[in-house]
Amino acid sequence: MTYNFDEVINRYGTGSIKFSPEFRNKPSDVLPMWVADMDFKAPPCVLEELHRRVEHGIFGYSEAGEEYFDTLKQWFQTRHNWTVEQNSLTLTFGIVNAVYLAVRALTSEGDGVIIQQPVYYPFEGAVSDNRRKVLNNGLIYENGRYAMDLNDFEEKAKLAKVFILCNPHNPVGRVWTRDELKAVGDICVRYGVTVISDEIHQDFIFAPSKHTVFADISPEFADITITCTAPSKTFNLAGLTLSNIFIDNKEIRRKFRREYEAAGLSQPSLLGFAACQAAYSGGVEWLEQLVKYLAGNLEFTRDFLVNNVPSVKLIEPEGTYLLWFDFRELNVPNLDDFILNKAKLWLDGGTMFGASGKGFQRLNMACPRSTLEDALLRIKNVC
Ligand SMILES: Cc1ncc(COP(=O)(O)O)c(C=O)c1O
């Protein structure tokens, strides 16, 4: 079966935050390319399962059973060569939810938590909203590529209880190599730092890069890691709020579940886990075609910029569907205003991801090619 990712679907008036500029005080005539969900329908196998559930008509308190876990196990085994154990799994209402719970479970007020800016902004929120201390191990940007600063990481690790790893990394698009992860993980083992590995983008990898599950590198790493996974990015199910969190270490798992209960959380979203099971059992072909389509969008963007706006640099992503653009050559005093009000484009401004994002913008390319072309033309027209 061939899926049509070129179809433009109207999302206005559906409550989508991406397509509701009034929710965020943005002008009504901007093209939204910001928050990380996709403008594609979920795969048919998911829609069929949701129709079946709606037809049944009862949405009472529910829990995922054995069959659900078997589907997850099969998925991670075949796609990521990673073996998961049923007792290590906790379902949460999203990965941001899990990261916040994990920070609260593993640290006390004032404790240090390492993040690597520019990075997905709720990481900083999870630390500062809970009155913990942000230890920013800023990424190094050299020759158009980002890397980890391991010397600085080691200094920060001496002061930290937890490290929130973005693997693959949003917004810079790095798919960390096994060697890079091993190096940073060895430091965490040495200094007793627990790792929250957010792997939500693990299914969007461009060849020849390969995703490495951090916890799978060694039993020592598995023992210090909370691995956050979800079908939400992969199959465009964010509004169904369901994530699968794996924790091998019994004591870390106990603390995490205790925090989960203390927050008053209990049964997961029924439609969320029903959709997850359907997607992981029947969505592989759709996903493979989607990743090819996104690779086409990436190529289209790369060519467009080189040929039309060479002053705007694309940081070549190895994974994710988020593009990180370097606008610094334009020397615009207020870049966010320039993009929003001159280009009429709604992107995520670089400084949302930390001060080192100044001069950068993040664009979500998970949309029909015609929409992407519209966005790039808007950039061209103002540059
Ligand atoms: C790295 C990362 N983690 C988590 C999320 C959001 O996860 P959730 O919707 O499950 O809270 C996103 C969404 O953009 C993300 O990029």
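Author: Here come your questions, each answered by setting a value against its definition.

Author: Before that, this is a predicted model, in which local features need pLDDT of at least 70, side-chain atom pairs count only at pLDDT 80 or more, and totals for chains, interfaces and linings use all residues. Residues are numbered from 1 along each chain as its sequence is written.

Reader: What makes a stretch a helix or a strand here, and how many are there?

Author: Both are DSSP runs numbered from the N terminus: helices are H or I with at least four residues, strands are E with at least two. By that rule the protein chain has 12 helices and 15 strands.

Reader: How do you know whether the radius of gyration agrees with a compact globule?

Author: The radius is taken over C-alpha atoms, and the globule rule is 2.2 Å times the number of residues to the power 0.38. For 383 residues a compact globule would have a value near 21 Å, and the protein chain has 20 Å, so the two agree. The C-alpha trace spans about 55 × 55 × 40 Å along its principal axes.

Reader: Why is E85 called exposed?

Author: Count the other C-beta atoms (placed from the backbone) within 10 Å of a residue's own: 20 or more is buried, 12 or fewer is exposed, and in between is partly exposed. E85 has 12, so E85 is exposed. You'll find E85 in the loop between α2 (66-80) and β2 (89-92). Across the protein chain, 45% of the 383 residues count as buried.

Reader: What makes a nonpolar core, and which residues touch the most other members of the largest one?

Author: A core is a set of buried Ala, Val, Leu, Ile, Met, Phe, Trp, Tyr and Cys residues joined through C-beta atoms within 7 Å. The largest has 113 residues, and V99 and A102 touch the most other members. Its largest share, nine residues, comes from α3. At least three residues come from each of domain 1 (21-43 + 284-382) and domain 2 (59-282), with bounds from an automatic or database domain assignment.

Reader: Which residues does A102 touch?

Author: Leaving out residues up to four places away in sequence, A102 touches I196, I226 and F256. A contact means C-beta atoms, placed from the backbone, within 7 Å.

Reader: Where are the cis peptide bonds that join Q117 to P118 and N167 to P168?

Author: The Q117 to P118 bond has an omega of about 5 degrees, and P118 sits in the loop between β3 (112-115) and α4 (122-128). The N167 to P168 bond has an omega of about -5 degrees, with P168 in the loop between β7 (160-166) and α6 (178-191).

Notes
Two residues are in contact if their C-beta atoms, placed from the backbone, lie within 7 Å.
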